Amino acid sequence: MVFREGQLIFYRNGDRCEIGKIKRVCDNGAFVYYHSGETAAKTSFDLMFPIINEHCILKTSLGGLEGE
């Protein structure tokens with residue numbers, strides 16, 4: 001799978017899932033926003049899943065970025 005900056009993803013966290021927004025892609029994972037703060041958490045690719053219909057989510061506060 002190819003991930004890109006700004007992409008919305010699902011993160012499998014044990015028996016729960018979280019929505020995140022990719023800040024920056026690295027060789028073995030990505031830094032992902034999971035809240036409205038400016039801190040991103042390093043997340044392994046094997047725990048990330050793309051959201052196929054992310055175009056339907058018009059606004060988020062993930063990463064504190066207004067309207068993106």
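Does glutamine 7 count as buried or exposed, and at what relative accessibility? In this predicted model, local features need pLDDT of at least 70 and side-chain atom pairs count only at pLDDT 80 or more, whereas totals for chains, interfaces and linings use all residues. Residues are numbered from 1 along each chain as its sequence is written, and side-chain values use heavy atoms, with hydrogens and water left out.

Glutamine 7 counts as buried because its relative accessibility is 6%, where buried means under 20% relative accessible area, exposed over 50% and partly exposed in between, with a 1.4 Å probe and protein chains only. Glutamine 7 is found in the segment before strand S1 (8–13), strands being DSSP runs of E with at least two residues, and helices runs of H or I with at least four, numbered from the N terminus. When residues up to four places away in sequence are not counted, glutamine 7 touches Val2, Gly20, Lys21, Ile22, Pro50 and Glu54, a contact being defined by heavy atoms within 4.5 Å.

The protein as a whole has 0 helices and 5 strands, which gives the pattern β-β-β-β-β along the sequence. Of its 68 residues, 31% count as buried, and among contacts with a separation of 6 or more, 40% come from residues 24 or more positions apart. The radius of gyration of the protein is 11 Å, which agrees with the value near 11 Å for a compact globule of 68 residues; this radius is taken over C-alpha atoms, and the globule rule is 2.2 Å times the number of residues to the power 0.38. The C-alpha trace spans about 30 × 25 × 25 Å along its principal axes.
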